[in-house]
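These are my notebook entries from a first look through a structure that was new to me. I wrote down what I looked up, in the order in which I looked.

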Amino acid sequence: MKSLRRDFSSNPQAANVSSKVFVRSTKSGKVQKIVRELYLRQDIPCSSKLCSICPATAPADANGNIAPFVLSDRPAGTASFPRGHYLVPDTNALLNGMDLFEQTGAFYDVIILQTVLEELKNQSLPLYNRLVALIKTDEKRFYLFFNEFRLETHVRRNPEESINDRNDRAVRTVARWYDEHLRAATRHTKREKMVPSIVVITDDKENIRKAKEENVTALSLQNYVAGLEDSDRLLDMINESREAKETKGARGELFYPEYYSMSKMMTGVRAGTLHQGIFNVSPYNYLEGSVNVPAFGKPLLILGRDNSNRAIAGDVVVIEVLPKDQWKSPSTKIVDEEAVTKNDNPDAEDNEEVVTERERKALQEEVKKAHGKNSEGRPQPTAKVVGIIKRNWRQYVGHVDSGSTGTQVNSGRRQQNVFVLPMDKRVPKIRVRTRQGAELVGQRILVTIDAWDRDSRYPTGHFVRSLGELETKGAETEALLLEYDVQYKPFPKAVLDCLPSEGHGWKVPASKDDIGWKGRRDLRDLLICSIDPPGCQDIDDALHARPLPNGNFEVGVHIADVSHFVKPNNPMDLEASVRGTTVYLVDKRIDMLPMLLGTDLCSLKPHVERYAFSVIWEVTPNAEIVSADFTKSVIFSREAFSYEQAQKRIDDPSQKDELTQSMRTLLHLSKVLRQKRMDAGALNLASPEVRIETDNDEVGDPLTDVKTKAMLATNSLVEEFMLLANITVASKIYSAFPQTAMLRRHATPPPQNFEELTNQLAKKRNLELDVSSSKALADSLDHCVDEANPFFNTLVRILATRCMTSAEYFCAGAHAESEFRHYGLASPIYTHFTSPIRRYADLLVHRQLASAIGYEGEDGRAVIEGVSTRNKLEDICRNINYRHRNAQFAGRASIEYYVGQALKARSEKMSVGGVDSGIEEQGYVMRVFENGVVVFVPRFGIEGVVRLEDFLLPGESVGGSVEERKTLAVRRETDFDSEEYTLRVWEKGQADPNRSVTVELFQKVQVNVSSVKEEGGRGAGKRKVRILIMGSEK
Ligand SMILES: [Zn+2]
């Protein structure tokens, strides 16, 4: 782009000046004349491989190369365009049909006008980004044509002409020019008959009419697609909401309140009468939303469909607080959308109001509870959504509700409405119009939401593509990656081109005179080793320790020098900044950087020289820091240990070599460091984690691969020194860059976050949780023990962790220094420096540290650029915080999926006569609702909802299908005590208390875990992990 604008002088004939003159009067009344010059050129190529004119005039880059031509000389066509065609879409066509343009079966050889690209950017940034990605891929042959700079296609706006009309005219002008140009360029040659049709795609009727007048071929997206082979499938992918709006308005039935105008909302927010925040939805109750706003200590509850007023989880909304007499306590009930709205008809809105009778009932019971026997319950402020500032809609993975395809399935390929149930339970079902209702049942599919109008109970969207059959590994893995927005496509060529040309043959230069050694310290003599999980290939860090003559120790942490290989702003750097992090799934790793770097050239493998970035301290035997030093270095790691190997070696008294001694020194120092951290109030947090060992895939029970993570002393050895390195580096970069240092903070959670847990512990165990400081919290968590229930402490730590906010990357200038604090680590300042292979933040921090110590590298320039401006860094922080969170979710979901599959495999092997008896395990009650409980099963690291029908009453047997058990629910009676957190369940009419089951919070319960398949009806074919409660231990 740059070169096109700059180098018009290369061909004097090509340059042409068109000046635009504007006249405006200034405040003082003077008239000012503004002249803007536009250099119009004739050397901007058409980029068609058929053309014989453009290759001679196209501008070359500094090396004399001309960009390869994009558009095929034999483009595909349709019955109406037997010679093939080039497509010229206008902005609306892209707005309505981006999914189509991304298809692999159609939409090749597309000319994108610069005018259209810019207009799209103004209208929708996500679509703009997708289009840019398409232009970048070689495969689809999308050509970005700089029509505004080319003499013949530049269009000046006429007086009285709207911008829209002018842009439409620009599209038609380009189409006409291409047609004439290609004819001229092939005249009297063999290619004369190969000139393709130029087809404008537009959904604007007026534009189509004018095109006809001007002899330009133009079609609506719909009409064009109808002529394609696979039209049924493709037609589903057009966003129909625009058209639909016009036809629907007439029905006049409006379910939802109108949104306030933007100015009314902004005035209200400024005045403090309205509040702005992000809309969250409870994972247990789809009718309960909440919004955190600074003005209230507790989240504001948004109850019911009418109050949430078409907001979807993640949207930025404006809310109005309801009067105090309408304040309520949060939900004590599990409410599933699937169950409540089961019989809704996707084709017609019934005349019920927006809140159906069933939904009203589900909520009414809440109110009863809040005012009932436990009326001193803790009511929370409630609010309603009055407008949306920003939609956070994305593509959603889901499956078609088989119940919604109706009976018309076999009536040919008519369009029908179906409901798609998103995988994310917090997102409402989506009404999708499709011609393939029947085929889509049983498939994992990708859909988008196009609109949610006032007259529609559900949002409407369209089908994008199928990922494959439900529950197949390929479909579910892709579903997971899409759902968590993981960038999993292979690295494009432009990225791979940034790798060192020597490939795996790259070596640290032998001669110290080589420029690669510039500014590096030679640390090859040090006895450095790495300690990692078994099988680790991307080794980010290595360590050493040795005694100093003065009785102190020298300790070094050496980190892979990734920033040597990844230069700022090249395609590899940009790709890594978008990916943000490596994502670890059970049997798949989606790398942030190409393998060549991650597992070889950067990886601090043993017995080979590597570039590193080292932090070296002098510490006293009591682990007091005397000094810290930072340097780029060359190291030679002596060994890559697993945690277990390192532990064994340290523990073996016969090992007296220097390497083992240095590990013992490290271990000793790490213990002192750890104690100091704990004394300062660092928290020992817990999250439910299991590890899957897939390497031992002998025949046997697949469940044996599921292991809980064991902590060895060597784990914490590495951890302590990484924390120390991160803290030391954080201070260094902050002092060098007080505005732009990239840091990481963990905000102190507000005490009211712990209110519920504090109350629960006091009620159930007579324990006190002191949340006045992290130190107080750490101490009181240590006291949360139950002799009879060793897991209790971990359970409380898991629950306490959930009361906290998550840690985040930020730019030093964005917060006051007092807010830099990392609450969980009890450190006043923190950053990430130690994992640059798999985290982008660390890579940036490396650049900042290099700059802070005056390291100039091979070309001095690169380092400075990496430090960047605050604005740009804040964008990066936003993205990597988002990617980081999603990577965690994806990892967890992957384990859950694996456990489900392992249970399924086991049941197929163990079941007798098709009946799976499941596996018995211990579970712990994490939450109690009035119609079920949430149980955590540590063995598998999973938590699940146990509904009333899944309580096994005395005398009942395990078997029974999902459907059979569901019918039990109506025969169950319950007694729920929200103050005591207990739930008693029995069979209707059964008076004998011995025939009931009572469970309470924190209790250890015997559970039966199995993988079951939903049979008929809605979830058809969908598997889930079922947890049955078999009884309880006090
Ligand atoms: Zn040409």
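**Entry 1: the whole chain.** Of the contacts in the protein chain with a separation of 6 or more, what percentage comes from residues 24 or more positions apart? I found that such residues account for 68% of those contacts, where contact means heavy atoms within 4.5 Å. I note here that this is a predicted model, in which local features need pLDDT of at least 70 and side-chain atom pairs count only at pLDDT 80 or more, while totals for chains, interfaces and linings use all residues. Residues are numbered from 1 along each chain as its sequence is written, and side-chain values use heavy atoms, with hydrogens and water left out.

The protein chain has 30 helices and 37 strands; these are DSSP runs numbered from the N terminus, helices being H or I with at least four residues and strands E with at least two. I also looked up burial, and 53% of the 1034 residues of the protein chain count as buried. Buried means under 20% relative accessible area, exposed over 50%, and partly exposed in between, with a 1.4 Å probe and protein chains only.

**Entry 2: helices α4 and α5.** I next looked at helix α4 (residues 114-123) and helix α5 (residues 125-136), which pack at an angle of about 145 degrees with their axes 6 Å apart. The axes are lines fitted to C-alpha atoms, for helices over the stretch in contact, and angles run from 0 to 180 degrees between N-to-C directions. On the α4 side I listed L117, L120, K121 and Q123, which meet L125, L127, Y128, L131, V132 and I135 of α5. The residues of this contact divide into eight nonpolar, one polar and one charged; Ala, Val, Leu, Ile, Met, Phe, Trp, Tyr, Cys and Pro count as nonpolar, Asp, Glu, Lys and Arg as charged, and the others, Gly among them, as polar.

R130 is also in helix α5, and with a relative accessible area of 23% it is partly exposed. Not counting residues up to four places away in sequence, R130 touches M98, D99, E102 and Q395. The C-alpha atoms of R130 and E102 are 8.6 Å apart, although 28 residues separate them along the chain.

**Entry 3: N147.** Is N147 buried or exposed? N147 is buried, with a relative accessible area of 0%, and its place is in the loop between β5 (142-145) and α6 (163-186). Its side chain makes a polar contact with the side chain of T115 at 2.7 Å. A polar contact is a pair of N or O atoms within 3.5 Å; within protein, one must be able to donate a hydrogen and the other to accept it, and residues adjacent in sequence count only if both atoms are side-chain atoms. Leaving aside neighbours within four places in sequence, the residues in contact with N147 include L113, Q114, H154 and V174.

**Entry 4: two positive phi angles.** N215 lies in the loop between α7 (205-213) and β7 (217-219) and is exposed, with a relative accessible area of 72%. For F1002, phi is near 70 degrees, again a positive value in a residue other than glycine. F1002 lies in the loop between β35 (997-1000) and β36 (1004-1013), and at 0% relative accessibility it counts as buried.
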